[in-house]
Amino acid sequence: MVPDESTALRILDAAVASLGGASREGQRAMCEAASETFESGVHLLVQAGTGTGKSLGYLAPAFAHVMTHQGSRAVVATATLALQTQLATKDIPVVAKAVAEVTGRTPVTALLKGRSNYACLHRMRDGAGEAAPVGLFAGTEMLGALKAADAPPESVLGAEVVALREWAEGELEAGGLADRDDAPPHTPAGWAQVSVPVRECLGAARCPYGAECFVEASRDRAREADLVVTNHALLAIDALHGKTTLPDHDLLVIDEAHELVARVTGAASAELSPQLVERVARRVLPWLTDEVGLELLESGDTLRTALDEVEPERITDAGNAVAQALVVVRTASRAALTAMSGGTKDADAERSQAQAALQEVFDVSERMAALADADVVWVSERERFGRQLVVAPLSVSGLVREAILPDVSAVFTSATLTTGGEFTGPAGQFGLAKRGRVTEEEPTPGGIAWRGIDVGSPFDYARQGIMYVAKHLPPPRRDGLSPEVLAEIAELVWAAGGRTLGLFSSHRNAAAAASYVRKEVPSLTVLCQGDAHLTELTRRFVAEEATSLFGTLSLWQGVDVPGESCQLVIIDKIPFPRPDEPLMLARQEAVTAAGGNGFMAVAASHAALLLAQGAGRLVRRTSDRGVVAVLDPRLLTARYGSYLRASMPAFWQTTDRETAVAALQRLDGDRSSGA
């Protein structure tokens with residue numbers, strides 16, 4: 001049965017009506033475009049500004065299609081676990097109810113996460129160490145009592161594990177999935193005692209608790225669902241491992257698509273440190289001869305020595321000390337694997353899991369030692385644990401094109417999906433074009449048919465906000481904020497009466513600005529990322545209207561503060577990637593070598609995305625008013641400035657400081673007068 005053209009719109013209208021909302025032109029345009037994509041197979045890129053209601057805009061057509069096409073299934077992937085849960089618990093129930101009203105059938109939905117997000121019965125029952133005895137109290141009661149008594153950390157951890165075990169067993173009895181998000185309060189160390197890394201899972205066929213496994217249950221539910229909600233990382237893992245995680249599907253929606261490249265890159269990356277090699281070596285020693293075990297242990301020392309001899313930078317030369325140390329680790333881990341391979345298929349779980357950890361060391365060291373053109377390998381400096389090696393793919397476009405997009409009709413959507421006002425750059429990163437621009441009208445060889453639309457935003461940015469570019473200030477310095485910039489920040493925060501979100505390129509700059517404003521305007525409270533947990537800082541920023549919050553990258557995209565708590569957004573400088581960041585630099589060089597403009601394709605696109613996200617923090621609803629102050633004159637004076645500005649919300653623009661200060665003072669005065 002093929003739905004008539006208005007099925008998706010009728011579902012959308014019913015969902016909006018149930019929320020007491022009004023029809024939005026952009027949301028309806030998105031709904032119609034997505035419906036067309038699901039029918040035609042021509043992929044769609046949709047930029048849907050903040051306030052459009054894009055979740056309903058893609059859920060309505062997705063549900064309309066799967067409910068009227070036998071065997072059809074949709075997968076929706078968003079950037080983070082938190083957004084995934086929000087979508088599954090807030091938006092989907094609303095649309096599912098509307099689907100039932102319109103079609104007469106209630107859709108089945110499922111939430112699917114990575115293996116380590118579910119409790120592992122084998123780990124809990126057979127694999128975890130001794131926990132504190134339960135005695136006469138339940139685990140949660142004992143945990144509370146120990147915390148209140150300021151008990152030693154190991155006792156608190158033991159009680160925490162007991163509480164988690166009790167909860168998971170209760171989930172099993174009740175038919176739940178023992179999802180970490182539903183667990184009692186716990187630390188990462190506590191969760192590690194009741195979950196298992198992907199590599200160390202025995203598999204349902206070998207595990208004595210395979211028939212009860214929470215992960216298998218979650219996948220069974222996904223296979224029965226009309227629509228499955230997952231995240232970018234699991235989408236990538238599914239692609240990397242031969243599509244063994246997600247159920248078959250013909251529709252794909254990638255929400256927060258501006259994050260896709262970073263999330264897929266993360267899933268396809270790996271790390272190797274001397275500590276990891278040594279930890280795994282000690283774990284497998286019981287099954288190795290002294291000679292093989294000692295060689296594996298010493299390979300960790302060899303790697304540590306080599307890392308200490310080089311600079312934290314990309315490794316490209318096979319004669320480099322680190323590259324040679326990787327060969328040593330690879331050889332030692334291969335010998336250890338050979339020694340352990342004599343075990344039977346029924347080998348005990350501890351040995352199997354130790355062997356899996358060793359296999360990962362071998363796989364990663366072999367990948368790194370190869371120094372393949374498709375990979376970037378570099379030395380990374382860690383704050384607490386010293387140096388380690390990282391490997392990441394030079395590009396993920398091929399992975400997306402060849403392992404994620406085949407056999408699906410895909411919708412990519414975000415509030416910030418264009419760079420420089422164009423869809424071409426992101427489309428290329430998503431694997432939709434091997435070269436040149438590809439459209440459905442003129443597909444080029446090796447390309448995939450796609451189209452892009454911008455459905456706008458319900459906000460009138462030109463009336464609601466001012467973008468002030470401080471053209472008179474000196475260009476940014478490498479050694480921190482100049483006195484002129486610090487003075488400018490203090491004056492702007494003073495004029496706004498606080499209420500400022502400061503987005504800085506480094507923690508050093510954020511801390512320096514916070515310290516300066518506290519000194520110059522002592523009547524105002526300025527919080528700085530690092531003063532406390534970010535969740536607590538954000539809570540205070542929202543609750544205390546005159547308070548300001550200064551911070552770095554996580555604030556550029558992760559804070560949603562509508563209303564009077566945020567009426568000034570300060571951006572200290574254009575957020576280009578660090579010039580010594582190995583992966584970005586390698587990607588930039590690759591574009592240049594292929595005849596393109598590496599700086600514009602990589603560095604400028606990265607900056608454009610963050611500027612759009614950062615400036616977008618100002619206006620989150622139709623009543624919001626304020627100023628975005630960019631204290632980097634290059635936004636106007638550099639040749640790439642127009643490209644960056646085209647990616648930002650269309651605020652009214654000025655270079656006059658007094659205009660910006662007066663606007664902020666008027667807003668402050670309006671609050672004081674109650675206007």
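The structure is a predicted model, in which local features need pLDDT of at least 70 and side-chain atom pairs count only at pLDDT 80 or more, while totals for chains, interfaces and linings use all residues. Residues are numbered from 1 along each chain as its sequence is written, and side-chain values use heavy atoms, with hydrogens and water left out.

**Cavities**

- Rolling a probe the size of a water molecule over the atoms shows where empty space is left.
- On a 1 Å grid over the protein atoms alone, a cavity is a set of points where a 1.4 Å probe fits but cannot get out, a pocket is an open set with protein on both sides within 12 Å along at least five of seven lines, and lining residues have an atom within 4 Å of a point.
- There are 2 cavities of 30 Å³ or more, where a volume is the space filled by probe spheres set on grid points that are joined across faces, edges and corners.
- The largest cavity has a volume of about 190 Å³, and of the 20 residues that line it, C120, V196, C201, C207 and C213 are the closest to its centre.
- Helix α9 gives the most to this lining, with 3 residues; helices (H or I, at least four residues) and strands (E, at least two) are DSSP runs, numbered from the N terminus.
- The lining of the largest cavity divides into 13 nonpolar, 4 polar and 3 charged residues, where Ala, Val, Leu, Ile, Met, Phe, Trp, Tyr, Cys and Pro count as nonpolar, Asp, Glu, Lys and Arg as charged, and the others, Gly among them, as polar.
- The second largest cavity has a volume of about 80 Å³, and the residues lining it include P475, R477, N509, D572 and L631.

**Cysteines**

- The count of disulfides (pairs of cysteine sulfur atoms within 2.5 Å) comes to 0.
- C120 is in no disulfide, and the nearest cysteine sulfur, that of C207, is 6.0 Å away.
- C213 is likewise in no disulfide, with the nearest cysteine sulfur, that of C201, 6.2 Å away.

**The second largest pocket**

- About 1700 Å³ of space lies in the second largest pocket, and of the 42 residues that line it, P197, V198, R199, I237 and E360 are the closest to its centre.
- The largest share of this lining, 6 residues, comes from α15, and the lining as a whole divides into 18 nonpolar, 12 polar and 12 charged residues.

- G49 lies in the loop between β1 (43-48) and α3 (54-68), and it is buried, with a relative accessible area of 11%; buried means under 20% relative accessible area, exposed over 50%, and partly exposed in between (1.4 Å probe, protein chains only).
- Leaving aside neighbours within four places in sequence, G49 is in contact (heavy atoms within 4.5 Å) with A415, G456 and S457.
- S333, found in helix α14 (residues 321-340), is buried with a relative accessible area of 0%, and its side chain reaches the backbone oxygen of V329 at 2.8 Å.
- A77 is found in strand β2 (residues 74-78) and is buried, with a relative accessible area of 0%.
- The C-alpha atoms of A77 and A257 are separated by 9.0 Å, although the two residues are 180 residues apart along the chain.

Technical notes: Polar contact = N/O pair within 3.5 Å; in protein donor to acceptor, adjacent residues only side chain to side chain.
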